[in-house]
2 protein chains.
Amino acid sequence: MVFMQFSTGIKYSESDLEKAKTYRAKDYPEYVDPAIEALVREMMSGFADKWTVEILDALWDAGTLRFSKLARRVSGISQKMLTQTLRRMERDGLVVRDLYPEVPPKVEYSLSPLGLTRGAAFCNVWVWALENHEAVAVARSHFDANRR
Amino acid sequence: MVFMQFSTGIKYSESDLEKAKTYRAKDYPEYVDPAIEALVREMMSGFADKWTVEILDALWDAGTLRFSKLARRVSGISQKMLTQTLRRMERDGLVVRDLYPEVPPKVEYSLSPLGLTRGAAFCNVWVWALENHEAVAVARSHFDANRR
DNA sequence: CGGTATCCACTTAGATACTG
DNA sequence: CAGTATCTAAGTGGATACCG
C-alpha cells in the first residue's frame with residue numbers, strides 16, 4: 001500500500017516541537033461567525049473518518065478510479081459505505097463524479113482541485129503518523145502495563 | 001474561539017495545487033508491515049474524531065487545563081466523553097495527566113511533546129479548513145440544488 | 001456496473017445517579 | 001473536584017436482495 005506521498009521536503013524533527021510551542025505562545029482572539037466556526041470544526045473531524053481518509057488516499061495515489069476498482073482498492077469497505085462516503089465527498093466538493101451513460105454504466109471518481117489541496121494539507125499528518133507510530137505503540141503498552 | 005495558531009508562514013495558494021499534482025505523480029511502492037500500516041491508518045482517522053480534535057485544540061491554546069476548565073472550554077461535551085477521550089489520548093501518549101492528591105482532588109491535563117507535534121502537523125489542516133470553508137459551503141448548496 | 005432499499009446487530013454517546 | 005456506573009435512545013454500518 002502506498003501512503004499519501006510525503007517526499008515534500010516537509011519534515012518533522014526536534015525543532016518542530018519548538019515551533020509548536022512558539023505558535024501556542026501567541027494568542028489571536030478574533031471574532032468568528034458561529035456558523036463558519038461550526039463548519040470549520042466539522043471539516044476538521046467530519047472529513048477525517050476512516051473511509052473518507054482511505055478513499056482520499058486511494059484517489060490521491062491512483063488519480064482516477066471506477067467504482068468497482070475503488071471498492072477493491074479500499075479493503076474492507078462495503079458497497080453501502082463506499083457509495084455513501086463518495087456521495088458525501090462529492091457533495092462537499094472533494095470528489096468529482098463522471099458518469100458515462102453506457103451499458104453497462106461506467107462511473108469514474110477523482111479528486112477535485114479542492115480535494116487535492118485537502119490531500120496536500122493532510123500530507124503532514126501522514127508524515128507525523130508514519131514517524132510516530134512507534135511512539136504511540138510504546139505509549140500504549142506502557143499505559144496498559146501500569147494500569148493493568 | 002481561537003483556532004489552532006496558523007501564523008506559520010505555511011500558506012496554501014494556487015501553486016499548492018501544482019505541488020499536490022507533483023506529489024501524486026510519483027509512486028513509492030514500498031513494503032509496510034500490515035500491523036504498522038493498520039496503526040498508522042488508525043492514527044489518521046481515530047485521532048481525528050470530533051472530541052479529540054476539540055480537546056487537542058483547547059489544550060493547544062491553553063497549555064494546561066484542569067478537568068473542569070476543559071469541560072467548560074469544550075462546549076457541548078459530556079463528562080463521560082471528556083473522561084473517555086482524555087483517557088484514550090493519554091494512553092496514546094498525546095496527553096499528560098498530572099494528579100495532585102489533594103482534597104478536593106486536582107487533575108491537570110496538557111499536551112505531551114508527541115501531542116504538540118501532532119498539533120503542529122495538524123496546523124496545515126486547520127489552515128486548509130479556514131481557507132476553504134466557503135468552497136465547501138458553495139459545493140454543498142450547488143449539489144443540493146441540482147440533486148434536490 | 002453501479003447503484004438503491006430494507007432489515008437488523010451492534011456501537012455509541014447523552015442523561016442521570018452515585019462516590020472517593 | 002474528578003471521576004465511575006448504569007440505562008437507554010439514537011446512530012452506524014454490514015448483509016442481503018433487488019434494479020436501471
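In this predicted model, let's start with two helices of chain A: the axes of α3 (residues 50-62) and α6 (residues 113-147) come within 11 Å and cross at roughly 105°. That makes α3(A) roughly perpendicular to α6(A), a label for angles of 65 to 115 degrees. Axes here are lines fitted to C-alpha atoms over the stretch in contact, with angles running from 0 to 180 degrees between N-to-C directions. Helices are DSSP runs (H or I, at least four residues), and strands are E runs of at least two, numbered from the N terminus.

Who touches whom? On the α3(A) side, Val53(A), Leu56(A), Asp57(A) and Trp60(A) meet α6(A) residues including Phe122(A), Cys123(A) and Trp126(A), where contact means heavy atoms within 4.5 Å. By class, this contact has eight nonpolar, two polar and two charged residues. Ala, Val, Leu, Ile, Met, Phe, Trp, Tyr, Cys and Pro count as nonpolar, Asp, Glu, Lys and Arg as charged, and the others, Gly among them, as polar.

Now for the DNA. Some polar contacts (N or O pairs within 3.5 Å) are:

| Side chain | Atom of DNA strand D | Distance |
|---|---|---|
| Lys80(A) | base oxygen | 2.6 Å |
| Gln79(B) | base nitrogen | 2.3 Å |
| Arg87(B) | phosphate oxygen | 3.2 Å |

Residues are numbered from 1 along each chain as written, and chains are lettered from A in written order, as ligands are numbered from 1. Local features need pLDDT of at least 70 and side-chain atom pairs 80 or more, while totals for chains, interfaces and linings use all residues, and side-chain values use heavy atoms, without hydrogens or water.

Methods. Polar contact = N/O pair within 3.5 Å; in protein donor to acceptor, adjacent residues only side chain to side chain. Parallel < 35°, antiparallel > 145°, perpendicular 65-115°, else oblique.
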